[in-house]
Amino acid sequence: MKIVYDGTLDPRLCKNVLGELIPALCAEDENVIYLDADLMNCIGTAKWAREHPDRAVNCGIAEANMIGVACGLASAGFKPIVHTFGPFASRRCYDQAFLSGGYAKNDITIIGSDPGVTATLNGGTHMPFEDAALYRALPGSTVIDVTDPTMLISVLHQCKDRPGVKYVRVGRKQYARVYEEGSELPIGKAVTVREGSDCVIFACGIMVHEAMQAAAALEKEGISAAVVDLFTIKPLDADAVADWAKKTGAVVVAENHNRYGALCSAVSEVLAERCPTPAGFVAVNDSFGEVGPQGYLQERFGLTAAHIIEVARATIQRK
């Protein structure tokens with residue numbers, strides 16, 4: 001695995017990556033089957049699905065039923081990969097995922113696309129800030145916030161054969177390029193993207209890019225900030241969190257999510273149990289989403305490098 005971050009966007013759209021990756025997984029493994037809630041055109045699987053009706057099922061705008069169908073297929077030995085927009089992949093079908101998936105021990109992979117502010121013009125109804133928190137509360141679950149297209153490919157290959165309910169949140173458009181193509185990123189292991197000694201910024205998803213931008217700006221002020229990608233929100237790499245907290249003495253957590261229940265909460269629990277450390281948080285503060293371009297929404301909800309810098313300065317002063 002190699003870090004190649006230079007601030008530029010990966011040329012690959014995540015929806016195009018999914019449009020190629022899902023058929024490839026089905027071709028590699030005869031037990032993989034794909035289900036969607038009438039959004040195949042949104043991630044580029046529609047043409048392939050028409051050509052392979054035995055491997056792709058359009059369940060229509062009936063997300064709860066789709067999860068039930070997926071769990072039934074899992075109980076018969078299939079490896080279902082399910083996709084719909086983040087709010088419908090989480091709160092709309094949570095009971096089915098919890099009972100027919102987790103409780104019944106059926107292994108399914110759920111892709112929730114356009115999470116948080118990446119829902120942009122689809123607006124507040126389509127802007128899940130709570131999805132990762134919901135799935136983090138499901139016993140035995142795996143929760144991933146994708147950082148770039150290379151990671152998306154790596155984690156979906158792993159999720160295919162990983163037990164339990166897996167929830168993968170990823171936008172459909174471009175992400176900053178962080179990892180070299182072909183890199184393997186083991187689920188549950190943090191990745192140190194940048195070294196530092198004065199504070200550590202734990203981030204996931206689109207906030208890894210913001211964290212790197214913030215760290216570069218802080219360096220000009222004489223502040224050395226490490227950046228650690230905690231893309232696996234559950235199971236969290238608690239050892240990495242504790243080690244970095246002890247090493248730097250100041251922690252900042254940045255996520256495209258409500259600050260209650262997901263990465264901010266997961267890191268806080270580790271700090272409280274293993275190494276009480278001054279911590280600051282850059283996340284959505286108990287708010288619903290709204291309509292707008294992503295840049296505006298990141299400013300509106302405080303999800304920018306500038307906000308990370310402000311929180312980092314304040315947190316370091318509390319050391």
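This is a conversation about how the terms used for this predicted model follow from its computed values.

Trainee: What should I know about the model before we start?

Mentor: It is a predicted model, in which local features need pLDDT of at least 70 and side-chain atom pairs count only at pLDDT 80 or more, while totals for chains, interfaces and linings use all residues. Residues are numbered from 1 along each chain as its sequence is written, and side-chain values use heavy atoms, with hydrogens and water left out.

Trainee: How many helices and strands does the chain have?

Mentor: The chain has 12 helices and 12 strands. Both are DSSP runs numbered from the N terminus: helices are H or I with at least four residues, and strands are E with at least two.

Trainee: What makes the chain as compact as a globular protein of that length?

Mentor: The globule rule is 2.2 Å times the number of residues to the power 0.38, and the radius of gyration is taken over C-alpha atoms. For 319 residues the rule gives 20 Å, and the chain has 19 Å, close to that value, so the chain is as compact as a globular protein of that length. Its C-alpha trace spans about 60 × 40 × 35 Å along the principal axes.

Trainee: Which share of the contacts in the chain, among those with a separation of 6 or more, joins residues 24 or more positions apart?

Mentor: That share is 81%. Contact here means heavy atoms within 4.5 Å.

Trainee: Why is Gly86 called buried?

Mentor: Buried means under 20% relative accessible area, exposed means over 50%, and partly exposed is in between, with a 1.4 Å probe and protein chains only. Gly86 has 0%, so Gly86 is buried. Buried residues make up 59% of the 319 residues in the chain.

Trainee: Where is Gly86, and what does Gly86 touch?

Mentor: Gly86 is in helix 4, residues 86–89. Not counting residues up to four places away in sequence, Gly86 touches Gly112, Ser113, Pro128, Asp131 and Tyr167. Gly86 and Gly171 are 85 residues apart in sequence, and their C-alpha atoms are 9.2 Å apart in space.

Trainee: How do you know whether Ser265 is buried or exposed?

Mentor: Its relative accessible area is 18%, so Ser265 is buried. Ser265 lies in helix 10, residues 263–274, and touches Arg136, Arg259 and Tyr260, not counting residues up to four places away in sequence.

Trainee: What about Thr120?

Mentor: Thr120 has a positive phi too, near 45 degrees. Thr120 sits in the loop between strand 4 and helix 6 (131–136), but its relative accessible area is 11%, so Thr120 is buried.

Trainee: Which peptide bond is cis, with omega near -5 degrees?

Mentor: The bond from Lys234 to Pro235 is cis. Pro235 is in the loop between strand 10 (232–234) and helix 9 (238–248). Most peptide bonds are trans.

Trainee: Why are helix 1 and helix 7 called roughly parallel?

Mentor: Angles under 35 degrees count as roughly parallel, over 145 as roughly antiparallel, 65 to 115 as roughly perpendicular and the rest as oblique. Axes are lines fitted to C-alpha atoms, for helices over the stretch in contact, and angles run from 0 to 180 degrees between N-to-C directions. Helix 1 (residues 14–28) and helix 7 (residues 149–161) cross at roughly 30 degrees, with axes that come within 10 Å. They are therefore roughly parallel to each other.

Trainee: What makes helix 3 and helix 5 roughly parallel?

Mentor: Their axes cross at roughly 10 degrees and come within 9 Å, so helix 3 and helix 5 are roughly parallel to each other. Ala64, Ile67 and Cys71 of helix 3 make the contact with Gln96, Ala97, Ser100 and Gly101 of helix 5.

Trainee: Why are helix 8 and helix 12 called oblique?

Mentor: Helix 8 (residues 207–220) and helix 12 (residues 305–316) pack at an angle of about 60 degrees, with their axes 8 Å apart. Helix 8 and helix 12 are therefore oblique to each other.
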